[in-house]
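Good morning, and thank you for coming.

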Amino acid sequence: ERPVAMQLLAKDETRMLEAARRLMARQPDIIDLNAGCPVNKVALKGRGAGLLRDPLLLGRLVAALVGALPVPVTVKIRLGWDDASRNYREVAHILAESGVSAIAVHGRTREQGYAGRADWDAIAEVKTRVGVPVFANGDVRSVADIDAIVAATGCDAVMIGRGAIGNPWIFARKDVEEAPVEERVAVMRRHLGAMVSYYGEELGVILFRKHVVRYVLALDGATILRRRLVACDTEEAVLAVFDDISDRSEIG
């Protein structure tokens with residue numbers, strides 16, 4: 001599928017450009033620099049949201065990428081490191097001046113993580129201050145949320161992260177309840193198979209659990225299904241639960 005964007009975590013220009021060069025061999029359509037990841041092992045080392053504490057360095061990194069790459073460069077940011085340093089206005093201005101092609105804004109600070117409500121008004125403010133496309137991100141979990149964040153921010157596009165876990169149909173502007181049960185089961189089987197193929201059975205099944213408990217939220221008997229699924233430690237066991245879901249759907 002196209003377009004394909006590939007994302008970098010970086011704080012050192014030389015290493016970043018080498019990583020970008022390697023990525024270009026895979027022919028991405030866009031290179032994105034992550035300036036929003038709040039995870040300690042990333043942010044506390046100056047990468048991801050850690051770059052928000054040094055906007056000038058972030059600007060230099062972006063300018064270096066723009067100058068070196070034949071594809072558009074985008075950046076994802078948060079509103080700042082914490083409530084005392086919500087510097088998204090400054091950061092957005094620096095990014096626009098550095099030649100970025102688009103800015104994705106998650107409406108929380110690094111300190112917030114994913115707690116509280118995303119500040120859509122701040123995203124709207126970024127949109128009015130820069131002359132490049134702005135992608136709105138944060139608390140988009142349904143088709144209604146897509147329309148709401150567009151109306152609230154005037155953004156050019158919507159970025160969906162956690163809201164797509166268990167509901168990939170949201171990208172087709174469908175809520176999970178609108179997908180027939182047999183279609184949901186088919187997607188779960190495909191997803192499980194891909195994870196087992198990539199990670200091996202033991203780790204693949206473990207990692208799949210966080211996805212599958214979200215897939216079944218909208219099904220009848222979701223609580224019992226979730227308990228059964230998180231207890232599964234083999235691909236066969238998970239598939240057996242899927243068979244039960246399919247059989248129950250056919251009977252219903």
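Where is Asn167 found? It sits in the loop between strand S6, residues 157-159, and helix H7, residues 181-199. Please bear in mind throughout that this is a predicted model.

Is Asn167 buried or exposed? Its relative accessibility is 5%, so Asn167 counts as buried, the cut-off being under 20%. Setting aside neighbours within four places in sequence, Asn167 is in contact with Lys174, Asp175 and Val176.

The loop between S6 and H7 also holds Arg173. Arg173 has a phi near 60°, a positive value in a residue other than glycine. With 42% relative accessibility, Arg173 counts as partly exposed, because that class lies between the 20% and 50% limits.

A positive phi of about 60° is also found at Gln27, again not a glycine. Gln27 belongs to the loop between H1 and S2. Its relative accessible area is 56%, and since exposed means over 50%, Gln27 is exposed.

Let me now step back to the chain as a whole. Its secondary structure comes to ten helices and six strands. The C-alpha trace spans about 60 × 40 × 35 Å along its principal axes. Of the 252 residues, 44% count as buried. Among contacts with a separation of 6 or more, 62% are between residues 24 or more positions apart.

Next, a pair of helices. How do the axes of H1 and H3 cross? Helix H1, residues 13-24, and helix H3, residues 55-68, have axes that come within 10 Å and cross at roughly 35°. The crossing is right-handed. On the H1 side, the contact is made by Glu13, Met16, Leu17 and Ala20, and on the H3 side by Leu61, Ala64, Leu65 and Ala68. By class, these residues divide into seven nonpolar, no polar and one charged.

Another helix, H5, covers residues 120-129 and contains Trp120. Trp120 has a relative accessible area of 13%, which is under 20%, and therefore it is buried. What does Trp120 touch, not counting residues up to four places away in sequence? The list is Gly138, Asp139, Asp145, Ala148, Ile149, Ala152 and Thr153. From Trp120 to Ala63 there are 57 residues in sequence and, C-alpha to C-alpha, 27 Å in space.

The largest pocket holds about 580 Å³ of space. It is lined by 17 residues, and the closest to its centre are Pro3, Val4, Ala5, Ile30 and Met159. Strands S1 (5-8), S2 (30-35), S3 (73-77) and S4 (102-106) each supply at least two residues of this lining. In terms of class, the lining of the largest pocket has twelve nonpolar, two polar and three charged residues.

Of its 21 lining residues, Lys76, Tyr114, Asn137, Gly161 and Arg162 are the closest to the centre. Which classes make up the lining of this second largest pocket? There are eight nonpolar, eight polar and five charged residues.

That concludes my presentation. Thank you for your attention.

Key: Residues numbered from 1 in each chain as written. Predicted model: local features only at pLDDT ≥ 70, side-chain atom pairs only at ≥ 80, totals over all residues. Heavy atoms only, no water. Axes fitted to C-alpha atoms, helices over the stretch in contact; angles between N-to-C directions. Helix = DSSP H or I, 4+ residues; strand = E, 2+ residues; numbered from the N terminus. Left-handed = near helix turned anticlockwise from the far one by under 90°. Contact = heavy atoms within 4.5 Å. Nonpolar A, V, L, I, M, F, W, Y, C, P; charged D, E, K, R; others polar. 1 Å grid on protein atoms, 1.4 Å probe; cavity = no way out; pocket = protein on both sides within 12 Å on 5 of 7 lines; lining within 4 Å. Points joined across faces, edges and corners; volume = space filled by probe spheres on them. Buried < 20%, exposed > 50% of the residue type's maximum accessible area, 1.4 Å probe, protein only.
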